[in-house]
Amino acid sequence: MSYIPGEIDTPAVVIDHEVLERNITRMNAAVTAKGIALRPHVKTHKVLEIAELQLRAGASGLTAATLGEAEVFAEHGADDIFIAYPLWLGPRQAERLRRLAACARIAIGIDSVEAAVRAGDQLGCAANRLDVLVEVDSGHHRSGVHIDEVNAVACAAHRAGLRVMGVFTFPGHSYLPGNHADAAEQERQALDAAAIALAAKGFRVDRRSGGSTPTAALTPQGGATEVRPGGYVFGDAQQLELERCTFDDIALTVAATVVSRSDSAHGPRRIILDSGSKILGSDRASWATGFGRLLDHPDARITALYEHHATVAWPAADPLPKIGTRLRVIPNHVCLTMNLVDDVTVVTGGTVTGHWQVAARGRNN
């Protein structure tokens, strides 16, 4: 698709179905060729139809960030879901987990003795229906325990009646320029060391779960048994600047219209688009060159975002677009964009072929 179909009103999220399927197929092939399972993270897209494409292509199951996301996909037939988050369970969350475990294989993350004890207390006799993966820190320094603490957490989970099945990590420091290979190696080392520690304590280690979009295709044989990338389905501006995808891999753009322009000596040469932070999201990494990119104009940069305005610095050598021109914007962080809209327009070969509901939008708890 090289243009925006006329029936689309801007701003709107548009998905190129052909690129989407190509991205799904390529990642699945790259991972499974090494004997590693692909368990894609649905927090990126939150769309039932996309999860179906991923499962049909060979994904072993799904990853969710929240109970709410897991509920949406389980209600529509997903039967193997990992909630990759150190949940702190109250009585309502525990009841929701019990209902989920009655219709699907559910695994949860845990990274503290306190959370393990709490889960056992809240789940009661249903605790043994849940798999648990202990989260280990592989260098991102967000959640996750040090290798030396893995056994303490696993033993607490076991005493609480939970089924300890392995370990997981998130190599989030792969989202730094030039760091993806090092992060992938640190992930391997952390998962291996944690698995050895658990096995020495007598635990089964059926699953070693890792992977981010920048590192998934780099995961070596013998490290992780599964990976959980999310953003690979769409690509975004930060993946472009990390050189983990190309412009040809961008499956999601925001269709936008030029609503104002300035091409005079009284200020910077710029255009204003009708796609602000309420559809693009305002995420910008410290190393990013802007708040987003334009798919058909690689040298342009979004230099400022407001709620309903995007300021684009235009290359001096290129003609400034006229008011009314429609352009395709690549968000910096595509996960945020999908949580800002109720539905997306699907385009195949330049023709609108459907509309998909963002079914898990807002399911943040």
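Figure 1. Glutamate 52 is partly exposed, with a relative accessible area of 45%. Buried stands for under 20% relative accessible area, exposed for over 50%, and partly exposed for the range in between (1.4 Å probe, protein chains only). The side chain of glutamate 52 meets that of arginine 56 in a salt bridge, 2.7 Å from N to O. A salt bridge here is a side-chain nitrogen of Lys or Arg within 4 Å of a carboxyl oxygen of Asp or Glu. Both residues lie in helix H2 (residues 48-56), four residues apart, about one turn of the helix. Helices (H or I, at least four residues) and strands (E, at least two) are DSSP runs, numbered from the N terminus. Arginine 56 is exposed, at 58% relative accessible area. The model is predicted: local features need pLDDT of at least 70, side-chain atom pairs count only at pLDDT 80 or more, and totals for chains, interfaces and linings use all residues. Residues are numbered from 1 along each chain as its sequence is written, and side-chain values use heavy atoms, with hydrogens and water left out.

**Figure 2. A salt bridge between aspartate 249 and arginine 26.** The two side chains meet at 3.2 Å, N to O. Aspartate 249 sits in the loop between helix H8 (237-241) and strand S10 (252-262), and arginine 26 sits in helix H1 (residues 17-32), so the pair ties together parts that are 223 residues apart in sequence. Aspartate 249 counts as buried, at 13% relative accessibility. Arginine 26 counts as partly exposed, at 40%.

**Figure 3. Arginine 361 and aspartate 342.** These residues form a salt bridge, their closest N and O atoms being 2.5 Å apart. The pair links distant parts of the chain, 19 residues apart. Arginine 361 is in the segment after strand S17 (351-357). Aspartate 342 is in the loop between helix H10 (334-338) and strand S16 (343-348). Arginine 361 is partly exposed, with a relative accessible area of 32%. Aspartate 342 is exposed, at 52%.

**Figure 4. The setting of the close-ups.** The chain has ten helices and 17 strands. Of its 365 residues, 56% are buried. The C-alpha atoms fill a box of roughly 70 × 40 × 35 Å, taken along the principal axes.
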